[in-house]
Amino acid sequence: MERPVTEADLTFDHVPQTDQSFENALEKARDGDRLTVDDAIELFTTGTDGEGIDQRRKERVLEAADRRRAEVVGEEVTFVANLNNNVTTACNVGCLFCNFKDAAHTFESDAEVETAGFTKTPDESREIVADAVDRGIYEVTSVSGLHPAFALDAEHREILEAHPEPKEINYKPPERYDTSPGTYTDQIAAMSVDGVHVHSMTPEEAYHARRGTDWSYEEVFRRLKDAGLDTVPGTAAEILVEEVRDVICPGKIGTEEWLEAMEAAADVGLGMTATIMYGHVENEAHRALHLKRIRDLQDRTGNITEFVPLSFIHQNTPLFEHDVVSSGPSIDEDELMIAVSRLFLDNVDHVQSSWVKYGDEQGLKMLSCGADDYMGTILSEEITKRAGGGYGEFRSFEDYVEMISSIGRVPVERSTDYEKRRVIDPENPPFGPQLGPNADGTPLLTADERAERALPADD
Ligand SMILES: C[S@@+](CC[C@H](N)C(=O)[O-])C[C@H]1O[C@@H](n2cnc3c(N)ncnc32)[C@H](O)[C@@H]1O
Ligand SMILES: Nc1c(NC[C@H](O)[C@H](O)[C@H](O)CO)[nH]c(=O)[nH]c1=O
Ligand SMILES: N[C@@H](Cc1ccc(O)cc1)C(=O)O
Ligand code: SF4
């Protein structure tokens, strides 16, 4: 067997070197000029003229980003009442940063091992979402493994069934499995309970939903939209530079195809988020190139509501276990990622701070480094937890109001598309969602449920 790639083996064509100076780049950022990739590299590195992060320069970048945030969106900090409902962990794509997945063969009825993963039928998804909608959530985020039995819809299933070499297109019939995820359109329709906003179908999932056909991404997203899909999560982006994807996710769609899928979603009228998953093998040049690709995409579409930096959680991942990386990003890198995203993406209004990735203390700090959105209640979390993250699976409205008020900002409940907003008065408890179909202001979780779900005291 070949020796696994190690950190020392990674030599990239793109390296963080520029002809720009840190001071020039910062001045442009402060003036609101559109930044170049080289400018972003200077800001990410706090200057390519020296080694490591210069703390004084870092503070100046964070300040510039915080000021820009105040100009663009003011003092409000938004969050959404949502639920994560991931349908299945079965996946054979093999991304080396991911521990969410379970090898798909372990789900087969005749497997010798019992799978460590889960698959939900559309009925099970509906029940989970219906329960959460009753409690007051109004968005469901659903991202899943690429289960071999998944088809887009009945017509897609027929095409997949008729394929001469189903293995070549990563298809196995539902009968092979204990539980079938059904079709994507059935799952979306099942989750569309009482008009809840369905945020689902990453570009990678959309790729799976058209495998073995000559259907365009527009066609796929049109059918999904008809089934009830509202917006698309711009995950699967990771780092949109091929030489990085070749190392961390060689089985995944490439940058061009990711962009094609996102543009198609926008063309059929779907809103979307965009992400970067950073702090593994990539360098600052890759981060800057990624931001440029997102900004260009937004120039073409205008449909990206928010940018979500996803800090790499390394503990249980193949990248860490095979010594390709020795950790995730440092706190300095996290802060600069948020700040440079705010300064570079002059056409995306909102930057999200993910408490799942950063925890409460650092998550709040990010709201003064350029971020203005603080994610959602989510109620359940599998991706980060399985990767080794330890910041819990939910936040209540009470948690949100307390945290956001503690830094002197204004807590605002929002809809996923930011169209509906409700400013919350911290002096007027109890705090619960009010924007959803069944949201009457009742707290999402009772005191007992909160205690039950709370993190151990020493975490
Ligand atoms: C787990 S996948 C699920 C959806 C679908 N399979 C896909 O890849 O698009 C969703 C996203 O989670 C993020 N993710 C996975 N593992 C992670 C980790 N260890 N740290 C941070 N983010 C991670 C990646 O950005 C990935 O695109
Ligand atoms: N669901 C997760 C998110 N982000 C989704 C946010 O709640 C977002 O505001 C909404 O879905 C769309 O606007 N981020 C994470 O880091 N982890 C999640 O599980
Ligand atoms: N669930 C994804 C994150 C995500 C989902 C939807 C978004 O719009 C943005 C980010 C994760 O934990 O990595
Ligand atoms: S990131 Fe998505 S596609 Fe990659 S292994 Fe994990 S679940 Fe599968």
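Tutor: A charge sits over a ring if NZ of Lys or CZ of Arg is within 6 Å of the ring centre and within 35 degrees of the ring normal. This is a predicted model, in which local features need pLDDT of at least 70 and side-chain atom pairs count only at pLDDT 80 or more. Residues are numbered from 1 along each chain as its sequence is written, and side-chain values use heavy atoms, with hydrogens and water left out.

Student: What makes Arg414 a charge over the ring of Tyr418?

Tutor: The charged end of Arg414 is 4.1 Å from the centre of the Tyr418 ring and sits over that ring; likewise, Arg395 lies over the face of Trp355, at 4.0 Å from the ring centre.

Student: Why is the pair of Phe79 and Tyr400 called stacked?

Tutor: Rings of Phe, Tyr and Trp (its six-membered ring) pair if their centres lie within 6.5 Å, and planes under 30 degrees apart count as stacked, over 60 as edge-to-face and the rest as tilted. By this rule there are four aromatic pairs. The centres of Phe79 and Tyr400 are 4.1 Å apart and their planes at 10 degrees, so this pair is stacked.

Student: How do you know that Phe79 is buried?

Tutor: Buried means under 20% relative accessible area, exposed over 50%, and partly exposed in between (1.4 Å probe, protein chains only). Phe79 has 0% relative accessibility and therefore counts as buried, and Tyr400, with a relative accessible area of 0%, is buried too.

Student: What makes Phe150 and Tyr184 a stacked pair?

Tutor: Their ring centres are 3.8 Å apart and their planes at 10 degrees, so the pair is stacked.

Definitions and conventions. Chains lettered and ligands numbered in written order.
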